[in-house]
2 protein chains.
Amino acid sequence: MISFEEFVLEDDGPIYLQIIKYIKQGIAAGTIGNQEEVPSRRALSALLGVNPNTIQKAYHMLEEEGIIVSRSGAKSFTSVDDDAIARIRRELLVSDTTVWVKSMKLLGVNRDDAFELVRQIWNDMAGGEE
Amino acid sequence: MISFEEFVLEDDGPIYLQIIKYIKQGIAAGTIGNQEEVPSRRALSALLGVNPNTIQKAYHMLEEEGIIVSRSGAKSFTSVDDDAIARIRRELLVSDTTVWVKSMKLLGVNRDDAFELVRQIWNDMAGGEE
DNA sequence: CAAACTGTATTAATTATATAATACGGTTAA
DNA sequence: TTAACCGTATTATATAATTAATACAGTTTG
């Protein structure tokens with residue numbers, strides 16, 4: 001069963017996109033595996049304090065991407081083979097890093113200074129490898 | 001006069017936030033200086049193909065942050081002393097980098113691998129220092 | 001079987017974002 | 001001075017995102 005304990009709802013963008021990204025990141029990180037049970041629409045909506053329709057929208061889009069499989073009346077599960085995992089991982093790594101690099105260049109920061117900034121921030125943050 | 005030639009309207013988030021970020025990044029990068037003229041609401045809306053009210057919303061929020069000054073009937077100008085510039089620059093550097101580092105940690109990427117990924121992407125992108 | 005849970009669907013209302021069409025009065029420059 | 005700008009404000013409309021309240025049929029489990 002996918003855990004949403006580490007999920008934090010942000011004020012940033014649409015909730016359904018945050019949920020989609022969280023699941024994709026989990027798959028890419030390996031913390032969410034294949035044929036793993038997904039929380040029901042009602043259970044996750046109660047846990048996050050949002051509307052069931054919002055969860056349904058996120059799950060439906062994930063299903064259209066072939067990342068989860070739903071059967072009417074039954075529980076929903078992930079459906080990701082090794083190729084799909086690799087594709088999702090690469091997609092997230094490149095898109096997130098490209099956004100950050102673009103920002104650093106706009107701010108006129110060179111690569112070494114950007115690395116130094118990362119070193120300062122990396123250790124102060126929880127989680128991940130040290 | 002602030003130039004919007006390099007500005008590209010994305011489908012991502014609200015337009016007024018994109019405009020605010022573009023101006024803040026310009027100030028932080030030094031390409032937008034103090035007491036520099038800002039395009040009129042009507043002129044910028046025509047250039048970007050968006051509604052004048054959307055530009056007004058962005059400018060109004062920038063004025064509330066003390067970053068631009070408007071007088072009814074007259075042109076609007078930036079208002080950023082050295083302290084303000086340093087504050088905005090630090091704010092953008094830290095927030096953007098924190099978002100990226102958080103993403104790398106969620107994906108289970110260690111710092112050295114993250115740096116290697118940046119090296120691959122950095123040179124393939126245009127702009128900024130090499 | 002029956003109760004509890006599941007995915008799915010529908011309709012209505014709300015908020016944020018953006019557009020559209022104007023209007024008013026202040027500022028600037030020919 | 002006067003025409004062309006400027007910032008500002010108002011009202012209406014449209015779409016996207018979200019909430020809300022239900023409802024129905026399929027699946028699972030005791």
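In this predicted model, strand 1 (37-38) and helix 2 (41-48) of chain B each contribute at least two residues to the lining of the second largest pocket. That pocket has a volume of about 220 Å³.

**Second largest pocket**

- The lining comprises 13 residues, and those closest to the centre of the pocket are Ser40(B), Arg41(B), Ala74(B), Lys75(B) and Ser76(B).
- By class, the lining of the second largest pocket consists of four nonpolar, four polar and five charged residues.

**Surface near DNA strand C**

- DNA strand C is surrounded by 26 residues, of which the closest are Arg41(A), Arg42(A), Ala74(A), Ile15(B) and Asn53(B).
- Of the atoms of DNA strand C that come within 4 Å of the protein, 60% belong to sugar and phosphate.
- Several helices take part in this surface: helix 2 (41-48) and helix 3 (52-64) of chain A, as well as helix 1 (15-29) and helix 3 (52-64) of chain B, each supply at least two residues.
- The surface near DNA strand C is made up of 12 polar, eight charged and six nonpolar residues.

**Polar contacts to DNA strand C**

- Arg42(B) places a polar side-chain atom 3.3 Å from a base nitrogen of DNA strand C.
- For Asn51(B), a backbone N or O atom lies 2.9 Å from a phosphate oxygen of DNA strand C.

**Interface between chain B and chain A**

- The contact involves 37 residues of chain B and 37 residues of chain A.
- About 3,900 Å² is buried between chain B and chain A, with 68% of this area on carbon and sulfur atoms.
- On the chain B side, the residues that lose the most area to chain A are Lys105(B), Leu107(B) and Trp122(B), which together account for 21% of what that side buries.

**Fold and dimensions of chain A**

- Chain A contains five helices and three strands.
- Along the sequence, the elements of chain A are arranged in the pattern α-β-α-α-β-β-α-α.
- The C-alpha trace of chain A extends over about 55 × 35 × 25 Å along its principal axes.

Note on methods. Residues are numbered from 1 along each chain as its sequence is written. Chains are lettered from A and ligands numbered from 1 in the order in which they are written. This is a predicted model: local features need pLDDT of at least 70, side-chain atom pairs count only at pLDDT 80 or more; totals for chains, interfaces and linings use all residues. Side-chain values use heavy atoms; hydrogens and water are left out. A residue is near a molecule or strand if one of its heavy atoms lies within 4 Å of it. A polar contact is a pair of N or O atoms within 3.5 Å; within protein, one must be able to donate a hydrogen and the other to accept it, and residues adjacent in sequence count only if both atoms are side-chain atoms. Helices (H or I, at least four residues) and strands (E, at least two) are DSSP runs, numbered from the N terminus. Ala, Val, Leu, Ile, Met, Phe, Trp, Tyr, Cys and Pro count as nonpolar, Asp, Glu, Lys and Arg as charged, and the others, Gly among them, as polar. On a 1 Å grid over the protein atoms alone, a cavity is a set of points where a 1.4 Å probe fits but cannot get out, and a pocket is an open set with protein on both sides within 12 Å along at least five of seven lines; lining residues have an atom within 4 Å of a point. Grid points are joined across faces, edges and corners, and a volume is the space filled by probe spheres set on the points. Contact means heavy atoms within 4.5 Å. Buried area is the accessible area (1.4 Å probe) that two parts lose on being put together, summed over both.
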